[in-house]
Amino acid sequence: MTEPISGFSKLSKEEKIDWITTNYTKNAAQSRKILQTYWNLDQNVQQLHDEFIENTITNLYVPQGIAPNFLINDTLYAIPMAIEESSVIAAASKAAKFWLKKGGFKTTILGTEKVGQVHFIFKGDTNRLNSFFTYLKPILLAESASLTSSMEKRGGGITDIVLKDKTKQLENYYQLHATFETKDAMGANFINSCLEQFAATLKKEAGNYDAFSKQEKDIEVVMSILSNYVPNCSVRAEVSCPVEDLKLTEELTPQHTAEKIVQAIKIAHVEPYRAVTHNKGIMNGIDAVVLATGNDFRAIEAGVHAYACRNGQYSSLTHASIEDGIFTFWIELPLALGTVGGLTNLHPLVKLNLEILQRPSAEELMQIIAVAGLAQNFAAVSSLVTTGIQKGHMKMHLLNILNQLGANENEKAKLVTYFKTNPVTHHGVELQLNEIRK
């Protein structure tokens, strides 16, 4: 039985690898070789990656591709996407090409407000707490001024602080609900630093507030933390064209295609089982660009899915309509992103990807990423209501199957040709590979 280890974080990288491969793998030498295969040959680049996180032993590669031909607000983009799932980049590229000659994608920033909260317990009179907050608010702003001065020079800072009474949800629970503008920074460290200063000021001033009783002076700060739910930091992206231009297949008329897409979106609005998969497809496109640009896809996921529930039921993020012969397809979603700070200043590939995107501001990146999600969804829904999702997906998945089966380059070439006109299934590929080998 493997014994617990003490001081693992203090071991060298080589010692960590020796311990994990010896105690948790069947062939330590082979496992060490696999880990080392994924190291960057440039020692400086590898050291940079090692220092991003704790207890690093190797890098896990995620393929990065390019989805070209995205016309966004009359500017042409080639979008870097980092993802391991087959057909995502192909689908996004196909949608971009389809809309390229129809005016492309149009986007609008709806807001850029970020949120943070100081959560505290107050056992006392709510009216006295409200009066105290009126006194406290200017002090909160004054005592955080040293933290906000640099951000304010860039046009950002604290936009408001309000006291929220949450005692109906939880006994004695209140919060300082603060909003922020962080410009091109995602702003997590800035927001959390401000909130911790608010908490310290809150405790200090409450303890000295003469109108409070002894119990009321003893405010308990539970925690101070930003929120990844940012419904007022959001963006809209859309495409539109005359219905007769929506020709996607020979089997359906453009009118029928448009109607089926609208119906599919309506189903995703009312049926959570469908909406989850529907929105997951949107996030295929969004997460791939978020990851490629060094942003936090986990925060984006959490915020977006919370937004999808904002009306009391999990629902579609996209919308579609037919009005006066015009088909319109759009998305609105929250995206708290940064183009300065964090990995954007450290990761060489992230810096290159932002250069490929023409060095966008945070607002411009919001628009690009929203478009990637909309394109992905249009491609997916279009396939679902016409040919079905598997036809295109499995053809893109073919090389993965062939690699799993150990096909050589000659066998791959023959089978890629064969499956251009035949349905792709794992069993079918296996049978054809065996036929070739006979």
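This is a predicted model: local features need pLDDT of at least 70, side-chain atom pairs count only at pLDDT 80 or more; totals for chains, interfaces and linings use all residues.
**Salt bridges, packing and surface of the chain**

Glu143, Lys204 and Glu205 are linked in a network of salt bridges, a salt bridge being a side-chain nitrogen of Lys or Arg within 4 Å of a carboxyl oxygen of Asp or Glu. Residues are numbered from 1 along each chain as its sequence is written, and side-chain values use heavy atoms, with hydrogens and water left out.

In overall terms, the chain has 16 helices and 10 strands, where helices (H or I, at least four residues) and strands (E, at least two) are DSSP runs numbered from the N terminus. The C-alpha atoms fill a box of roughly 90 × 70 × 40 Å along the principal axes. Of the 438 residues in the chain, 44% are buried; buried stands for under 20% relative accessible area, exposed for over 50%, and partly exposed for what lies in between (1.4 Å probe, protein chains only). The accessible surface of the chain is about 22900 Å², and carbon and sulfur atoms account for 52% of that surface, the areas coming from the Shrake-Rupley method with a 1.4 Å probe and, for residues, with only the protein chains shown as cover.

Side chains of opposite charge can pair when their charged atoms come close. By the rule given above, the count comes to 14 salt bridges, and three pairs can be followed individually. In one of them, the side chains of Asp74 and Lys106 meet at 3.3 Å, N to O. Asp74 lies in the loop between strand 1 and strand 2 (75–82), while Lys106 belongs to strand 3 (residues 106–109), so this pair ties together parts that are 32 residues apart in sequence. Asp74 is exposed, at 61% relative accessible area, whereas Lys106, at 35%, counts as partly exposed.

In another pair, Glu411 forms a salt bridge with Arg437, and the closest N and O atoms are 3.0 Å apart. This pair links distant parts of the chain, with Glu411 in helix 15 (residues 409–418) and Arg437 in helix 16 (residues 426–437), 26 residues apart. Glu411 counts as buried because its relative accessibility is 8%, while Arg437 is partly exposed at 43%. A further salt bridge joins Glu238 to Arg236, with 2.7 Å between the closest N and O atoms; Glu238 is partly exposed at 22%, and Arg236 counts as partly exposed at 21%.

Helix 9 (residues 254–270) and helix 13 (residues 362–385) pack at an angle of about 110°, and their axes are 9 Å apart; the axes are lines fitted to C-alpha atoms, for helices over the stretch in contact, and the angles run from 0 to 180 degrees between N-to-C directions. The two helices are therefore roughly perpendicular to each other, the range for that word being 65 to 115 degrees. Lys260, Ile261, Ala264 and Ile265 of helix 9 meet Asn377, Phe378, Val381, Ser382 and Val385 of helix 13.

Most residues other than glycine have a negative phi. Gln358 is partly exposed, with a relative accessible area of 46%. Asp324, also not a glycine, has a positive phi of about 55° and is found in the loop between strand 9 (318–323) and strand 10 (326–334), where Asp324 is exposed at 83%.

On the surface, Ile66, Leu349, Leu352 and Ile356 form a nonpolar patch with about 300 Å² of accessible area together; patches take residues with over 30% relative accessible area and no salt bridge, nonpolar side chains (Val, Leu, Ile, Met, Phe, Trp, Tyr) being joined within 5 Å and like charges within 9 Å. Helix 12 (residues 348–356) gives the most to this patch, with three residues. Leu349 lies in that helix and counts as partly exposed at 39% relative accessibility.

Finally, Asn55 lies in the loop between helix 3 (43–50) and strand 1 (64–72) and counts as partly exposed at 36%. Leaving aside neighbours within four places in sequence, Asn55 is in contact with Phe8, Ser9 and Lys16. Asn55 and Ser12 are 43 residues apart in sequence and 8.9 Å apart in space, C-alpha to C-alpha.

Methods:
Angles under 35 degrees count as roughly parallel, over 145 as roughly antiparallel, 65 to 115 as roughly perpendicular and the rest as oblique. Contact means heavy atoms within 4.5 Å.
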